[in-house]
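Me: I am new to this structure and would like to go through it slowly, asking each time what stands behind a term. Could you set the values against the cut-offs for me?

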Amino acid sequence: MKFLCLHGAYGNIPAAKVQLGPMIDILEADGAASFDFIQGRVPVTPPPGFESYFGPGPHFRFLRDRGEAEASAVEGIRVFPEADTPEDALRALMPAGEAKIGFAGAREAALEQLYEALDADPEICGVVGYSEGASAAATLIYDEQERMRSEGYVPRIKAAIFFMGWPALTSESVPALSDEIEDLLEVHSLHIIGANDPYKDGALALYNLFDDNMAIFFDSAGGHTIPRHGKLLQELAEAVKGLIVNVHEDDSVQLPEPVKVAKRLDSAVNIPDLSALKLSHP
């Protein structure tokens, strides 16, 4: 199964390859999966004091919020509200009116890029998203399922792996929350969530968007980071393999056929002497 990988805010492809590298090495070694990477198109500068945290630039995002991302990303960590449910916490953090203004245009631009990536590679049928990349990936899934119901579109994404993250954005450019939408997302999904993640409520709200029968919860027992070492890494790889097995065993899922590349006849190869094939006249 081929997955499209989306980095987090202030990320890039090189950083994402380092973060996901240990997991990918295990899964590609036994042929369980393959991975392609995509880079956001919104150039950004890390907040002051966070330059080393995000690694070498240039840095990018998939979704820009209000043009003030450099401040809001840090502020959100410090003042994430407490609430009875993850959905209430998201509503308190991003009131619908402010979210709609803040993400205006961001959703459409991200979807345009993601659909371009799907069109360019017919073998992609899974997605991996970290942090903001998880929200962008979920937005793609949300949009695919909306299009399926409204126009008969056949969704490309059959499996999703979310490292932390936030809910999808609706067509109104507001977070899709499970207690506000009519239909949960019916895609096989694996949600890696850390108990010490300051954005944990965002990740839980994302998890709640997906059908309980198709969603796997994985507690990383950490913060806003991707497991890269030891027993936890091995358990993560096994969870991803389990997700892939679930997709293949689901009779309702139609996976793409591998693309067959025709072999080219190189002019440098030795070609038999065709004169030997001439018919002799009696």
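Me: Where is the place of Pro 58?

Reply: In this model, which is predicted, Pro 58 has its place in the loop between strand 3 and strand 4, the latter being residues 59-61.

Me: What makes the peptide bond that joins Gly 57 and Pro 58 cis?

Reply: The omega angle of the bond between Gly 57 and Pro 58 is about 0°, and the bond is a cis peptide bond.

Me: Why is Asp 36 said to form a salt bridge with Lys 2?

Reply: A salt bridge needs a side-chain nitrogen of Lys or Arg within 4 Å of a carboxyl oxygen of Asp or Glu.

Me: Why is Lys 2 called buried, while Asp 36 is called partly exposed?

Reply: Buried means under 20% relative accessible area, and partly exposed is the range between that value and 50%. Lys 2 has a relative accessibility of 17% and therefore counts as buried, whereas Asp 36, with a relative accessible area of 29%, is therefore partly exposed.

Me: How do you know that strand 1 and strand 2 pair?

Reply: Pairing calls for at least two bridges between the strands, and strand 1 and strand 2 have five, in the parallel sense, so they count as a pair. Within this pairing, Cys 5 stands opposite Phe 37 in strand 2. The chain crosses from strand 1 through helix 1 to strand 2, in a β-α-β crossover that is right-handed.

Me: What makes Asp 30 and Lys 241 a salt bridge, and which parts of the chain does the pair link?

Reply: The closest N and O atoms of Asp 30 and Lys 241 are 2.7 Å apart, which is within 4 Å, so the pair is a salt bridge. The pair links distant parts of the chain, with Asp 30 in the loop between helix 1 and strand 2 and Lys 241 in helix 8 (residues 230-249), 211 residues apart. By the salt-bridge rule, the count comes to 15.

Me: Why does the salt bridge of Arg 41 and Glu 116 tie together separate parts of the sequence?

Reply: The side chains of Arg 41 and Glu 116 meet at 2.6 Å, N to O. Arg 41 lies in the loop between strand 2 and strand 3, while Glu 116 lies in helix 5 (residues 106-120), so the pair ties together parts that are 75 residues apart in sequence. Glu 116 itself is partly exposed, with a relative accessible area of 36%.

Me: What makes strand 7 mostly covered?

Reply: Six of the six residues of strand 7 (residues 188-193) are buried. Both faces are covered, with His 188, Leu 190 and Ile 192 buried on one side and Ser 189, His 191 and Ile 193 buried on the other.

Me: How do you know which strands pair with strand 7?

Reply: Five bridges join strand 6 (residues 159-163) to strand 7, and five bridges also join strand 7 to strand 8 (residues 215-219). At least two are needed, so both count as pairings, and both are parallel. Ile 192 stands opposite Phe 163 and also opposite Phe 218 in strand 8. Strand 7, helix 7 (residues 200-208) and strand 8 make a right-handed β-α-β unit.

Me: Is Ser 173 buried or exposed, and is Ala 221 buried or exposed?

Reply: Ser 173 has a relative accessibility of 6%, under 20%, so it counts as buried, whereas Ala 221, at 58%, is over 50% and therefore counts as exposed. Ser 173 is found in the loop between strand 6 and strand 7, and Ala 221 has its place in the loop between strand 8 and helix 8. Phi is positive in each, near 65° for Ser 173 and about 55° for Ala 221.

Conventions:
Residues are numbered from 1 along each chain as its sequence is written. This is a predicted model: local features need pLDDT of at least 70, side-chain atom pairs count only at pLDDT 80 or more; totals for chains, interfaces and linings use all residues. Side-chain values use heavy atoms; hydrogens and water are left out. Buried means under 20% relative accessible area, exposed over 50%, partly exposed in between (1.4 Å probe, protein chains only). Helices (H or I, at least four residues) and strands (E, at least two) are DSSP runs, numbered from the N terminus. A crossover is right-handed if, with the strands pointing away from the viewer, the path from the first strand over the helix to the second runs clockwise.
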